[in-house]
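Trainee: I am new to this structure and would like a close look at a single part, the open sheet. Could you walk me through it and then show me what lies around it?

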Amino acid sequence: MYEQRSERNVISLKNLVKSYEGFTLGPLDLEVEPGYVVAIVGPNGSGKSTLFRMMIGLSQPDSGEIEIFGDRYPEGEVEIKRRIGYVPDISTGHDEMTAADLGSFVSHWYPKWNEELYANLLRRFEINAKKRFDKLSKGMQRRLTFTLAVARNPDLLLLDEPTDSVDPFARRIMLEEISTFLEAGERTVLFATHVMDEVRRVADYVAFLDGGHFLGFYEKDALLEQWKTLWVYQVPENGIPGLVSVENGTPTRIVTNSPEAAMTALEEQSIEVVRSGPLDLEEILAHLMRGTPEDKETVGRT
Amino acid sequence: MSANGEAARVPIRISMDDPEPMYRQIEAQLKDFILSGQLPAGTRLPSVRGLAKELACSVITTRRAYQDLENEGFLRTRQGMGTVVAEIGEEAMKLHRREPVVIALREAAEAGRRAGYSGTELQRMFERVLEERSAGVRAAE
């Protein structure tokens with residue numbers, strides 16, 4: 001099945017391993033189909049940036065395979081990079097250049113460069129095109145780096161915490177631009193973040209990375225639909241399906257990742273559910289990180 | 001650049017407190033808009049990505065909703081044209097309009113039976129509800 005599907009995948013990682021400074025990232029497996037937004041979510045030091053650097057060819061894995069658009073490094077490097085817009089975790093490397101300089105410099109290397117879009121986004125983000133990069137604030141630098149990535153008109157955006165240090169207004173524009181980018185065809189976005197609100201708003205899939213390992217690859221809406229909070233006045237003695245946690249109180253708060261079966265079981269025990277509601281992604285992530293193996297089985301996509 | 005410039009804005013709302021899955025909520029609301037004539041045949045709907053953005057849900061959800069409605073004959077998708085509201089025959093329209101009413105009445109009958117009311121009592125109750133309602137409507141006018 002793997003072999004067949006890799007044809008269509010934009011990103012295909014197999015058994016990817018990279019060790020550094022007493023930390024091992026991987027082995028990682030990931031397959032991403034075109035047309036989707038995948039959020040890579042994980043705490044600091046979980047290996048997100050290293051993963052991104054490997055996908056853009058800036059860092060070599062110790063072992064395993066990386067395929068982007070069906071091409072591999074190093075043979076496919078030029079072809080792959082032409083089709084990627086990358087925002088690294090730290091924007092550096094062109095301090096003395098202005099936004100205007102950077103535009104003409106980058107456009108030279110990317111045949112699909114969209115000058116009109118570049119000009120538009122500079123305006124929308126209120127970036128001073130005549131100011132040297134190193135004289136821009138951190139937030140402005142992020143906006144410019146993002147703009148440079150999108151104006152390449154790529155098929156894949158790799159965004160490593162693009163909204164870091166960006167104010168809420170510009171952040172909103174960025175999220176909107178990500179949606180606009182996706183509307184223009186079968187394009188793909190992989191973005192790292194720990195802002196759950198961004199995940200909620202733009203992601204189709206969520207991959208949780210923790211301690212160098214994926215905790216799972218989830219359909220975001222399914223995740224939100226499968227984890228629910230139920231409030232009851234009577235604690236079920238016979239247990240209920242998908243039980244994740246019970247916080248005793250009046251009423252008692254129950255978290256389940258199998259809400260339908262749980263509701264049925266409560267009904268059978270004649271326990272009334274006073275209220276039910278969603279769980280926010282933060283809490284879902286916390287439960288996943290604490291990790292019971294069956295959670296991954298039932299919620300995860302294989 | 002976007003091919004969806006004139007797509008209709010659809011005031012759909014999804015609630016995470018609702019136990020119904022999101023795609024079902026979208027389906028139900030779109031169906032209501034179509035059956036009530038608020039979205040007439042030929043109306044262009046937002047793209048799956050556009051709708052997903054508006055509702056802060058994933059394209060997997062919006063695509064599933066569109067696909068289901070397409071299978072039921074409410075929507076039609078053409079290559080390069082996007083998704084539009086399909087022409088629904090008068091007969092089918094009547095049937096669809098009737099369906100939720102029948103379901104609601106069935107539920108009411110069931111609730112009445114559970115509470116121990118007879119058929120005649122329920123009929124009388126229903127008539128009273130209708131009277132109240134028409135009196136209420138008149139008062140509002």
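Mentor: Happy to! Keep in mind that this is a predicted model, so let's begin with confidence. Among the elements of chain A, strand S6 (residues 156-160) has the highest mean pLDDT, 97, while helix H12 (residues 293-299) has the lowest, 42. Chain A as a whole averages a pLDDT of 89, and 93% of its residues score at least 70. Two stretches call for care. One is residues 1-6 of chain A, where pLDDT stays under 50 and the model has 3 contacts beyond four places in sequence. The other is residues 293-302 of chain A, again with pLDDT below 50, though this stretch has 16 contacts beyond near neighbours in sequence. Where pLDDT is low, the predicted coordinates should not be read in detail.

Now to the sheet itself. Four strands of chain A make it up, and reading across you meet them in the order S11-S12-S10-S13, with antiparallel pairing. Strand S11 (243-247) and strand S13 (273-278) of chain A are the edges; each has a single partner strand, so one side of each is left without a neighbour in the sheet. From one strand to the next, the twist averages 20°.

Let's zoom in on one pair. Strand S10 (residues 228-232) of chain A and S13(A) are joined in the antiparallel sense by 5 bridges.

Next, step back to the nonpolar cores. The largest has 78 residues, and A:Val38 and A:Val206 have the most contacts inside it. Helix H6 (residues 138-150) of chain A supplies the largest share of this core, 6 residues. Leaving aside neighbours within four places in sequence, the contacts of A:Val38 include A:Val32, A:Leu190 and A:Tyr205. Another core, of 18 residues, lies apart from the largest one, and B:Leu51, B:Ala65, B:Tyr66 and B:Leu69 are among its members.

That brings us to chain B, where 17 residues are in contact with 16 residues of chain A. On the side of chain B that touches chain A, helix H2 (48-55) and helix H3 (59-71) of chain B are the elements giving two or more residues. The residues on that side of chain B divide into 9 nonpolar, 5 polar and 3 charged.

Notes. Residues are numbered from 1 along each chain as its sequence is written. Chains are lettered from A and ligands numbered from 1 in the order in which they are written. This is a predicted model: local features need pLDDT of at least 70, side-chain atom pairs count only at pLDDT 80 or more; totals for chains, interfaces and linings use all residues. Two residues are in contact if their C-beta atoms, placed from the backbone, lie within 7 Å. Ala, Val, Leu, Ile, Met, Phe, Trp, Tyr, Cys and Pro count as nonpolar, Asp, Glu, Lys and Arg as charged, and the others, Gly among them, as polar. pLDDT is the predictor's confidence in each residue, from 0 to 100. A nonpolar core is a set of buried Ala, Val, Leu, Ile, Met, Phe, Trp, Tyr and Cys residues joined through C-beta atoms within 7 Å. A residue is buried if 20 or more other C-beta atoms lie within 10 Å of its own, exposed if 12 or fewer, and partly exposed in between; C-beta atoms are placed from the backbone. Two strands pair if DSSP finds at least two bridges between them. Axes are lines fitted to C-alpha atoms, for helices over the stretch in contact, and angles run from 0 to 180 degrees between N-to-C directions.
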